Amino acid sequence: IPDSSHLVLNCDDIISSRLKLQNKRTYFGIAKIPGERLIPDNIIKDINICPICNAHLKYDFIRYNHIGRATCSKCDFKFPKADFDVIERTFTDDGKAHITVANEGNEYKYLIPCENTINVYNATATITALRTFGLTYEQIEASFKKISIVKSRFEIIEVNNKKIIRRKKMFINNVNFNLPNIWNYRERNVLVNRKCFSIIYF
């Protein structure tokens, strides 16, 4: 990575957020969303110790693996502050999500084409990069409204008064990347009074 690069990094990832510390950077993340089901603890983490003093890390919350917000139990090391922070997410009936992104004391609402946690991170990374490099909120919001996911990758159908969510995932590490999606749909199941089923196939 060139020294002149302006990096856009996920503040919820303690590992990648520390790339090229001398470079100019802008952070994005997802705050703890009210009502969100989070993992209280996770034995599978890619980082457990502070990169400064090697003491144990304490997590304010974990979404999956080591993705969350951590502080050191000994020194003053903690996760970076997000410049663009998702503070609210609400689901739509057609599998999309409304997200609210806090930036410099203002809040901006976007309709993004997919509701699951991975794609909220992806959308927030996109918003952060585009805003950082000059596009306006209005330009990005208008573009998101034109985006849809093809049915071969995502579809919601209703059978016998029950919603079925079909997703096709194409990751190398299916378990790691789909656990947050399954957790995400457990949240939806609560919202629709257990009349929602999820089918995730590879």
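The chain comprises three helices and ten strands. Read from the N terminus, these elements follow the order β-β-β-β-β-β-β-α-α-β-β-α-β. Of the 202 residues, 43% are classed as buried. The accessible surface of the chain amounts to about 11300 Å², of which 54% is contributed by carbon and sulfur atoms. When contacts between residues at least 6 apart in sequence are considered, 48% of them link residues at least 24 apart.

Strand S5 pairs with both S2 and S6. With S2, the pairing is parallel and extends over three bridges; within it, Phe28 has Phe84 of S5 as its bridge partner. With S6, S5 runs antiparallel, and the two strands are joined by six bridges. Val86 lies opposite Val101 of S6 in this arrangement. The hairpin formed by S5 and S6 has five residues between its strands, and Gly95 in this hairpin adopts a positive phi near 85°.

The largest nonpolar core consists of 21 residues, and those with the most contacts inside it are Val86, Ile99, Val101, Tyr110, Ile112, Ile127 and Phe144. Two or more residues each are supplied by strands S2 (25–30), S5 (84–91), S6 (97–103) and S7 (106–112), and by helices H1 (117–132) and H2 (137–144). The greatest contribution is that of H1, which provides five residues. Phe144 contacts Tyr110, Leu111, Ile112, Pro113, Ala123 and Ile127, its neighbours within four places in sequence being left aside. Apart from this core lies another, of eleven residues, which include Leu57, Ala70, Cys72 and Phe77.

The mean pLDDT is 83, with 77% of residues at 70 or more. The highest confidence is found in S2, at a mean of 98, and the lowest in strand S10 (residues 196–201), at 44. Where pLDDT is low, predicted coordinates should not be read in detail.

Methods: Residues numbered from 1 in each chain as written. Predicted model: local features only at pLDDT ≥ 70, side-chain atom pairs only at ≥ 80, totals over all residues. Heavy atoms only, no water. Core = buried A, V, L, I, M, F, W, Y, C linked by side-chain atoms within 4.5 Å. Buried < 20%, exposed > 50% of the residue type's maximum accessible area, 1.4 Å probe, protein only. Helix = DSSP H or I, 4+ residues; strand = E, 2+ residues; numbered from the N terminus. Contact = heavy atoms within 4.5 Å. Pairing = 2+ DSSP bridges. pLDDT = per-residue confidence, 0-100. Areas by Shrake-Rupley, 256 points an atom, 1.4 Å probe, with all protein chains shown as cover.
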